[in-house]
Amino acid sequence: YTQTVNVTGLTAGMRPVMDLVQSDTIATAQSQLEAYACISRATTTDGKLTAICYDDKPIVDITVQLEAVI
C-alpha cells in the first residue's frame, strides 16, 4: 500500500525522518500509533513524499512531522 503527498521544498535527494503527531485523546492516540506502525518506509521525489506499507494498510488517518536530511 502507498500514499503520496505533496511537500513543498522536498527534493529527491533528501532522506525523510518522520515522527507521528499524536492526539491528546488516549484512544485516538493508540489507533494513530497502530496506523503509524504500518509504515515500512518512506521515499522522496521532488515535491513529494511517499509512505509505503508492506504488510498492513492503516485504517485511520495520521499526521506526521517531517525532517529532511540532505
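Biologist: Which strands make up the open sheet, and in what order?

Modeller: This is a predicted model. Its open sheet has 3 strands, in the order β1-β4-β3. The pairing is antiparallel.

Biologist: What makes β1 and β3 edge strands?

Modeller: Each pairs on one side only. β1 covers residues 2-6, and β3 covers 41-45. From one strand to the next, the twist averages 20 degrees.

Biologist: How do you know that β3 and β4 pair?

Modeller: Pairing takes at least two bridges. β3 and β4 (residues 48-52) have 5 bridges, so they count as a pair. In β4, Leu49 is the bridge partner of Thr44.

Biologist: Now helix α1, residues 26-36. Why are its buried residues said to line one face?

Modeller: The buried residues are Ala29, Gln32 and Ala35. Down the axis of α1, they fall within an arc of 120 degrees, so they line one face. In general, residues three or four places apart point the same way, because an α-helix has 3.6 residues a turn. β2 (15-21) is among what covers the buried residues of α1. Ile26, Ala27 and Glu34 are exposed, on the other side of α1.

Biologist: Why is Cys38 called buried?

Modeller: Buried means under 20% relative accessible area. Cys38 is at 16%, so Cys38 counts as buried. Cys53 is at 6%, so Cys53 is buried too.

Biologist: How do you know that Cys38 is in no disulfide?

Modeller: A disulfide needs two cysteine sulfur atoms within 2.5 Å. The cysteine sulfur nearest to that of Cys38 belongs to Cys53, 5.6 Å away. The structure holds 0 disulfides.

Key:
Residues are numbered from 1 along each chain as its sequence is written. This is a predicted model: local features need pLDDT of at least 70, side-chain atom pairs count only at pLDDT 80 or more; totals for chains, interfaces and linings use all residues. Side-chain values use heavy atoms; hydrogens and water are left out. Helices (H or I, at least four residues) and strands (E, at least two) are DSSP runs, numbered from the N terminus. Axes are lines fitted to C-alpha atoms, for helices over the stretch in contact, and angles run from 0 to 180 degrees between N-to-C directions. Buried means under 20% relative accessible area, exposed over 50%, partly exposed in between (1.4 Å probe, protein chains only). The arc is that of the directions from the helix axis to the C-beta atoms. Contact means heavy atoms within 4.5 Å.
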